[in-house]
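Please find below a colleague's note on the structure.

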Amino acid sequence: LYSTCVCGGPSGFDSRVWTSTGLADGVRLTLVSQDGDQGFPGTVTTEVTYRLEAYNRLAITYQATTDAPTVVNLTNHAYWNLAGEGNGTVYGHSLVLNAGRVCPTDDTLIPVGEPVPVEGTPFDFRRPTEIGARLTDPDPQLRIGGGYDHNWVLDRTNPTHLSFAAQVHEPESGRLLTMWTTEPGVQFYSGNFLSTDLRGTSGRSYHRGAGFALEAQHFPDAPNRPDFPSTVLRPGEVYHQKTVFELTTTSTMGD
């Protein structure tokens, strides 16, 4: 894990100074976005709480309220490399996504048309598959973004409860990352635009494929797509989202 943000807009929440409150098991961050900020209506008060739970779990809980109808779709953009920060690409990591459909995009990575089945495509991660195994396939969707940068439609049994979303395994270290979320979708990004201009805490340069992101979310462009789950938040309502990441190793599974 080497970068995290909650973002949106040319000067999004990721570039703001949040008010922090220390907790016994984590931290709570609060931000007030005034009416008209980034062109969005309503004064929106957002809280994001990071807590360390049992079983090496990091729980991220989001809450937001507004005084005028607006749209809210928050996520976490942590980059992960389970081999260790700056240790090569993530292409050898094995990925599972609990999703039978994916949202195809146009050249600007905005979803177009209806979500399509992943069956028989490079987007089928319902069984463990290396991230880099099909990156060179001649699929037009892979060519658009130079890899994976798409919203998968999660297969959920309950729309409000935490559900299994993804799992990633790094074979050399044995590290295993498991993700649950209350959100209907997850944006999987294979680090296509990471650049050697970026350097981490170790001083090593990052590069294409140096990390991946799993962003729990409502679907991109939802405000313009009435067929997508709504991102509209109205006065008196409370936006709520929870995503949990569990870190373990294959050697400790079942202990």
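1. Basis of the note. The model is predicted: local features require pLDDT of at least 70, side-chain atom pairs count only at pLDDT 80 or more, and totals for chains, interfaces and linings use all residues. Residues are numbered from 1 along each chain as its sequence is written, and side-chain values use heavy atoms, with hydrogens and water left out.

2. Strands here are DSSP runs of E with at least two residues, helices are runs of H or I with at least four residues, and both are numbered from the N terminus. Five strands form an open sheet in the order β8-β7-β10-β13-β14, with antiparallel pairing. Its edge strands are β8 (116-117) and β14, each of which pairs on one side only. Pairing requires that DSSP find at least two bridges between two strands. Between β10 (residues 149-154) and β13 (residues 185-189), the antiparallel pairing runs over five bridges. Val 153 has Gly 185 of β13 as its bridge partner.

3. Aromatic pairs across the chain. The structure holds 13 aromatic pairs. Rings of Phe, Tyr and Trp (its six-membered ring) pair if their centres lie within 6.5 Å; planes under 30 degrees apart count as stacked, over 60 as edge-to-face and the rest as tilted. The pair of Trp 80 and Phe 245 is tilted, because the ring centres are 5.2 Å apart and the planes stand at 50 degrees. This pair links distant parts of the chain: Trp 80 belongs to the loop between β5 (70-71) and β6 (94-97), Phe 245 to strand β16, and 165 residues separate them. Both Trp 80 and Phe 245 are buried, where buried means under 20% relative accessible area, exposed over 50%, and partly exposed in between (1.4 Å probe, protein chains only).

4. Phe 125 and Tyr 148 form an edge-to-face aromatic pair, at 5.3 Å centre to centre and with 75 degrees between the planes. Phe 125 lies in the loop between β8 and β9 (129-130) and Tyr 148 in the loop between α1 (140-145) and β10, so this pair ties together parts 23 residues apart in sequence. Phe 125 is buried, with a relative accessible area of 0%; Tyr 148 is likewise buried, with a relative accessible area of 0%. Ring pairs link Phe 123, Phe 125, Tyr 148, Trp 152 and Phe 188 into a cluster.

5. The cavity. On a 1 Å grid over the protein atoms alone, a cavity is a set of points where a 1.4 Å probe fits but cannot get out, and a pocket is an open set with protein on both sides within 12 Å along at least five of seven lines; lining residues have an atom within 4 Å of a point. The count comes to one cavity of 30 Å³ or more. The largest cavity has a volume of about 40 Å³, a volume being the space filled by probe spheres set on grid points that are joined across faces, edges and corners. Among the residues lining the largest cavity are Tyr 62, Met 179, Glu 215 and Phe 245. At least two lining residues come from each of β14 (213-217) and β16 (239-249). By class, the lining of the largest cavity divides into five nonpolar, four polar and one charged; Ala, Val, Leu, Ile, Met, Phe, Trp, Tyr, Cys and Pro count as nonpolar, Asp, Glu, Lys and Arg as charged, and the others, Gly among them, as polar.

6. The second largest pocket. This pocket holds about 230 Å³ of space. Of its 15 lining residues, the closest to the centre are His 218, Ser 230, Val 238, Tyr 239 and His 240. The elements giving two or more residues to the lining are β15 (232-233) and β16. Six nonpolar, six polar and three charged residues make up the lining of the second largest pocket.

7. Loop residues with positive phi. Tyr 55, a residue other than glycine, has a positive phi near 65 degrees. Tyr 55 is found in the loop between β3 (44-53) and β4 (57-66) and counts as exposed, at 66% relative accessibility. Leu 109 likewise has a positive phi, near 70 degrees. Leu 109 lies in the loop between β7 (99-103) and β8 and is partly exposed, with a relative accessible area of 23%.
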